[in-house]
Amino acid sequence: MWLTSSESEALSLSLAVATRSVILSLPPAVLFAWLLTRPRFLGRTLLDALVHLPLVLPPVVVGYLLLLLFGNRGALGLWLRDALGIELAFSRNGAALATAVMSFPLMVRAMRISLENVDRGLEEAARTLGAGALDRFVSITLPLMLPGILAGGITAFAAALGEFGAVITFVSNIPGETRTLPLALYTALQSPGGDHVAARLASLSLLLGVGGLLLSEWLARRVRRLLGR
Amino acid sequence: MLTVAATKRRGSFALEVAFELPTPGVVALFGRSGCGKSTLVNIIAGLLPPDAGRVALDDVVWVDTGQRLHMPAERRGVGYVFQDARLFPHLSVMGNLRYARKRAADQVFVDLDAVVDLLDLRSLLSRRTHRLSGGERQRVAIGRALLTQPRLLLLDEPLAALDAGRRDEVLPYLEMLRDHLALPMVYVTHRFDEVLRLATHLVLMQDGAVLAQGSIGAMSLDPRLRSIIGRDEVGAIIDGRVLGMDSTSGLTRVQVGRGELNVQYSGLAAGTALRVQLLARDIIVSTRPPQHLSVRNSLEGLVTHVQDDGDSDLVSIDIGNRLIMSRITKAATRELELRPGMRVWALVKSVSLRGYSWSAPRLLEPRT
């Protein structure tokens, strides 16, 4: 292979973290996209602001808040460890959580746009054909917002690959466990004579990004054709 | 029996209606755009809750605001054909049909094969919905609605988005549904020619209220219809019956009331139900048996009343359990001294056939 072992380690770790992050945030993102688009309820604006918070907060602050909540002394962290045996602090699962939180608003935003474009008339038609609320959502709304789900997933995946501040603050920079590509790049820059390694890692990131963009464009086209647009 | 009583406010628009309709049959909700027809249909379907009111089909109550009862749309068993078809774009034609069949009530009165044959959908089944023409889309939408095994079929301007050619392509299917399925239908339209072809019953709407209602024959003579369709379109609509073909002239003899009309049309078996429209402006009144005239069709009857209609008069004539109407000048009314009870002959200049049976939907000019 033309990647060094530490480089491929950072790459596969990044991919693993990003994948987990996307899987973790997809279901709640669909739920929040729906909540923020369809029902009118008191406190919707507040919820909207809350979802978008990671976009405006410095990532370090998000990492710090996660540390407070999910760290080894945080209430939720203790409960997860004792009740479910899930250790988040200083682990790749923690890195996945940090990236999930950071990329959540991007994902919700893409899904919302797509949900707003779903013709309510089709849901009404499904009603007259005997479909109840959940049935309608699964059989009509969800397939029709598929372009948004895909776009949101891919955007979030790309953002997760590049997340730095929240990850390093929450789960630190442990080789093989939490040292993803950007963290490895940062580490290389900090070490003497690491310029060459940093350049290679930067090129790798670039490659990943461009590849992701092309893939998402191709997928979007396929889905659009499938939906007849 | 479909019972509807409902009020609904939406901004400055207010709907307030109450009526009862016989079932089965085709009820046309007729009126200009914006008179509240679609709002009313959505209330019947359950897509829109009324502010107050009661909706029931036979003995099943769908809405009763007094008892806080509101059956959700998905449980009403109402088939709904929308103006814009609303086929699901992520499913094929077959997928759309199956979607309805899968969720239908157990009691099956039309199965998938029957619907496919009835509406000639066989060649479309594997197609994506965006590859269908407007007329094909509506046929699929009608089939999908039928597969829910509905107790009532609502059609909200199903032909309004189609051009003339496509409309003529879909209309025969609607006539066939009416004649072959014992399914009550509510048909919303702002086009009177569709009412003529399809309806058995007419509800006339204006500004959110029911202006008048009744059987199509009775409503065709109602003066309130005039304000909507225009004075030139006024005329009796009569469901007649084919008596047979006249061998010497080659014309088809149609019984209307006690009289008989000869129309230029062939291929109709004796006994076929046939709807004819006799426009008031096409009928001449004579107080003597007509002779030496080119007009071949005349119907004998008694004047029932003469009503003032602006610059002319409308004379109603009983031709034997059926009324027809003639538009004549006020001078003619005076000179002929027309009054109720008088024997007259109505000379019919032209008859429009509004085919009642499945095989005869055509407009034609009879011999005069």
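Predicted model: local features only at pLDDT ≥ 70, side-chain atom pairs only at ≥ 80, totals over all residues.
Good morning, colleagues. I start with confidence. For the complex, the predictor gives an ipTM of 0.83 and a pTM of 0.84. The average pLDDT of chain B is 87, and 96% of its residues score at least 70. One stretch calls for caution: residues 358-368 of chain B have a pLDDT below 50, although in the model this stretch has 33 contacts beyond near neighbours in sequence.

Let me turn to chain A. Its secondary structure consists of 11 helices and zero strands. Its C-alpha trace spans about 70 × 40 × 30 Å along the principal axes. Of the 229 residues in chain A, 38% are buried. If we take the contacts in chain A between residues at least 6 apart in sequence, 73% of them join residues at least 24 apart.

Chain B is divided into two parts, domain 1 (2-229) and domain 2 (236-353). The C-alpha centres of these two domains of chain B are 34 Å apart. Where they meet, five residues of domain 1 of chain B are in contact with eight residues of domain 2 of chain B. On the domain 1 side, the touching residues comprise three nonpolar, two polar and no charged residues.

Next, a sheet in chain B. In what order do the five strands of this open sheet run? The order is β14-β13-β12-β15-β21, and the pairing is antiparallel. Strands β14 (259-263) and β21 (352-353) of chain B stand at the edges with a single partner strand each, so one side of each has no neighbour in the sheet. The pairing of β13 (residues 252-256) with β14 in chain B is antiparallel and runs over five bridges. Within this pair, B:V256 has B:G259 in β14(B) as its bridge partner.

In soluble globular proteins, nonpolar side chains tend to be buried together. Here the largest nonpolar core has 163 residues, and those with the most contacts inside it include A:A98, A:M111, B:A28 and B:Y187. Which helix gives the most to this core? Helix α5 (residues 92-116) of chain A does, with 14 residues. Domain 1 (2-229) and domain 2 (236-353) of chain B each supply at least three residues to this core.

To close, consider B:A28 itself. Leaving aside neighbours within four places in sequence, B:A28 is in contact with residues including B:Y187, B:T189, B:V195 and B:L198. Thank you.

Technical notes. Residues numbered from 1 in each chain as written. Chains lettered and ligands numbered in written order. Pairing = 2+ DSSP bridges. Helix = DSSP H or I, 4+ residues; strand = E, 2+ residues; numbered from the N terminus. pLDDT = per-residue confidence, 0-100. Contact = placed C-beta atoms within 7 Å. Domains from an automatic or database assignment. Nonpolar A, V, L, I, M, F, W, Y, C, P; charged D, E, K, R; others polar. Core = buried A, V, L, I, M, F, W, Y, C linked by C-beta atoms within 7 Å. Buried ≥ 20, exposed ≤ 12 C-beta atoms within 10 Å, placed from the backbone.
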